[in-house]
Amino acid sequence: MNDFLNDPRFADIEPFKTKVWLSSPTMHGEEQAWVDEAIRTNWVSTVGKNINEIERQMAAYIGCRYAVALSTGTASLHLATKLAGERLYGQALPSEGTLRGHKVFASDMTFDASVNPIAYENGEAVFIDTERDTWNMDPDALEKAFGLYPDVKLVVVAHLYGTPAKMDEIKAICDRHGALIIEDAAESLGAKYLLNGNWTETGNLGDYNCISFNGNKVITGSSGGMFLTDCKADADKVRKWSTQSREAAPWYQHEEIGYNYRMSNIIAGVVRGQIPHLDEHVAQKKAIRERYEKGLAGLPVRMNPWDRDKSLPNFWLSCCTIDEDSMAPMVRGERDYLYKSESGKSSPQEILEALAAFNSEGRPIWKPMHLQPLYRNYAFITADGNGRGRSNAYIAQNGTDVGADIFRRGLCLPSDNKMTPEQQERIIEIIRACFR
Ligand SMILES: Cc1ncc(COP(=O)(O)O)c(C=O)c1O
């Protein structure tokens, strides 16, 4: 760790007295009232008015017919994956997942909760590389993947950092190949996409749709998630599975395997108090993004891009990459890293350390799934085809790996909606000092 506080490049910059977070919960007070009401009326289990109300309000916001409140976004993704598996391949034995023996295409640069449910259901993820226009699943790589694995019938797509993926292209490819889409909108609640001429909320773009109310998301219940659909049978099934799959009998009767995945009415009270502030939070995140764009101008960095014609991100996290020729040397192992400071250049790890030294929180770009030890043996498809084994001594190394490149050169900047413009100015100063 460099001694940034005594480094002349950072002279005159004061550490923050209170920490500036990457993205932390922002409470308003209404949350307390709904939680108190649940306690006062003794509705503190997994049924109650708060749950009913947030399901109604979120379905209305997203523009779908049904919303099912669950304990986490991960639970929602698991049950979405199971629903898709059953529809495609039939019901499995309780000891076997619905995807046993089947491959599933999945976003590569995402949080692992997007793709772990494929493994929970015994399926095999095939990771699809990232494009540079929105940092999401590359439709060209997806098309290549269908060429290599024509039997695949399921695709999991995430909208990274709140920026919608190229859903029109991805949907057209999936339609052509008869594949279903699980949409992971955990990070993108409030983001919109222009699909077939209609502005549509993310969370309403797939066959099965999931959002998260994790503490770091644009609105939170402290935890929580939701499954969103227009299909009543799917909503009913998810509600049943999430409450241990009890059958309508006088005793505990089970014909399918169940889960304890339902949201509690207390958590739902927090979400209920947050929903009226969703658009306000998105506006704050947008203002943060705009201040970074202005403040970082002139530095050899680029902010995370989006499709300005077809999408309105929620700007959950502001991120940037350092231009290649301004990257100071940096290497990362599985758990440690080394970097060198060089005049006029910097690296993500140096900037992250500098931010930490001044009491603020950034984060590396989500490490792509194909680089994770957990998924090292799983296929990875790029726009050039097979992304594995590209270093054969007899084959020219012309393959791309966009995800690895963004991970290497990128970082997530402090994006907390309680960060003041003055605090953000100081963050920008710290980043500028890194390039001195
Ligand atoms: C892309 C993505 N998918 C899924 C999840 C999982 O949501 P949860 O933490 O609510 O389980 C998260 C975040 O936590 C996420 O960022």
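Q: How far apart do the C-alpha centres of domain 1 and domain 2 lie?
A: In this predicted model, the separation between the C-alpha centres of domain 1 and domain 2 is 27 Å.

Q: Where do the two domains run?
A: Domain 1 covers 4–24 + 278–434 and domain 2 covers 30–276; the bounds come from an automatic or database domain assignment. Residues are numbered from 1 along each chain as its sequence is written. As the model is predicted, local features need pLDDT of at least 70 and side-chain atom pairs count only at pLDDT 80 or more, while totals for chains, interfaces and linings use all residues.

Q: How many residues does the contact take from each domain?
A: Domain 1 supplies 39 residues and domain 2 supplies 42 residues, where contact requires C-beta atoms, placed from the backbone, to lie within 7 Å.

Q: Turning to helices, at what angle do α10 and α12 pack?
A: Helix α10 (residues 348–357) and helix α12 (residues 421–434) pack at about 135°, their axes being 10 Å apart. Helices are DSSP runs of H or I with at least four residues, numbered from the N terminus. Axes are lines fitted to C-alpha atoms over the stretch in contact, with angles from 0 to 180 degrees between N-to-C directions.

Q: Why is α10 called oblique to α12?
A: The angle of about 135° makes α10 oblique to α12, because angles under 35 degrees count as roughly parallel, over 145 as roughly antiparallel, 65 to 115 as roughly perpendicular and the rest as oblique.

Q: Which residues make that contact?
A: Glu 350, Ile 351, Ala 354 and Leu 355 of α10 meet Ile 427, Ile 430, Ile 431 and Cys 434 of α12.

Methods
Two residues are in contact if their C-beta atoms, placed from the backbone, lie within 7 Å. Helices (H or I, at least four residues) and strands (E, at least two) are DSSP runs, numbered from the N terminus.
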